[in-house]
Amino acid sequence: MIVLSEIFFHGTGKRIPVEKLSSVYSNCGFIGFPLIDGIFGAEGIFYMTAYTTVFNLLFWTHGVWAMGSGGNVKSTLKSLFTPAIVAVFLGLFLFVAQIRLPETLAEPLDMIADMNTPLAMIVAGINLAQADFLKSLKKIRIYCVCLLRLVFFPLVGILILAQLPLDFKVLFTVFIGMACPSGAMVIMFAERYGKDALYASEIFTLTTILCAGTIPVLSILAVKMFVH
């Protein structure tokens, strides 16, 4: 998806990085976790956690490079030492070593983690409130991003995943992560790096609305492809 986004969206301007990240990175946390929890329960949550770990590694490296540093090697290397990346590796170490944090640390961390999605939704809502949503529906390029994020990339993912000798639950969890709408974090990054945050909010909103139709339809195809 990263490679294809570079082919589909090229040029300069504040909207190009937004289109790239919106097409590549899904809202697998806010949408993916509830969906997979309802389908597979705790086992699905475990697999989706692994998916989001890789997601975060890529978002906080490639995402920073595409949205912020513009290809500057020094800025990209600096992004590897952000709190998000350090937290991912620290979390992996604790998981592998089977180290459990004491309640005095675990509970505050859980509370901070629970703020992530609501804060992202607030930022998205604030930006969207400043826009003429009906006018945004007339922007053809938004539909191109929606087509890539909700249809084309998930279809390519299904074709690739169907060739892998993995358990159905793993395959379907990864598919759900890929089929989710554009990530709310793209809006946060657009705000942080001075890009078109309003445009990111429009893409986020439209893909979220349209995914109510695309995810069920593609799920039927995914099940048929994954169950041999």
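User: Is C180 buried or exposed?
Analyst: C180 counts as buried, because its relative accessibility is 0%; buried means under 20% relative accessible area, exposed over 50%, and partly exposed in between, with a 1.4 Å probe and protein chains only. This is a predicted model, in which local features need pLDDT of at least 70 and side-chain atom pairs count only at pLDDT 80 or more, while totals for chains, interfaces and linings use all residues. Residues are numbered from 1 along each chain as its sequence is written, and side-chain values use heavy atoms, with hydrogens and water left out.

User: Switching to helices, how do α3 and α11 cross?
Analyst: The axes of α3 (residues 28-40) and α11 (residues 168-179) come within 9 Å and cross at roughly 150°. That makes α3 roughly antiparallel to α11, given that angles over 145 degrees count as roughly antiparallel, under 35 as roughly parallel, 65 to 115 as roughly perpendicular and the rest as oblique. Axes here are lines fitted to C-alpha atoms, for helices over the stretch in contact, with angles from 0 to 180 degrees between N-to-C directions, and helices are DSSP runs (H or I, at least four residues) numbered from the N terminus.

User: Which residues meet there?
Analyst: On the α3 side they include C28, G32 and L35, and on the α11 side F168, K169 and F172 are among them, where contact means heavy atoms within 4.5 Å.

User: And what about α10 against α11?
Analyst: The axes of α10 (residues 140-161) and α11 also come within 9 Å, crossing at roughly 160°, and the two helices are therefore roughly antiparallel to each other. Among the residues that meet are F153 and P154 in α10, and F175 and A179 in α11.

User: A179 again, then: how far is P216 from A179?
Analyst: Their C-alpha atoms are separated by 9.7 Å, although P216 and A179 are 37 residues apart along the chain. P216 sits in helix α13 (residues 197-226) and is partly exposed, with a relative accessible area of 43%.

User: Last one, how many residues of α2 are buried?
Analyst: In α2 (residues 16-24), 9 of its 9 residues are buried, including E19 and K20.
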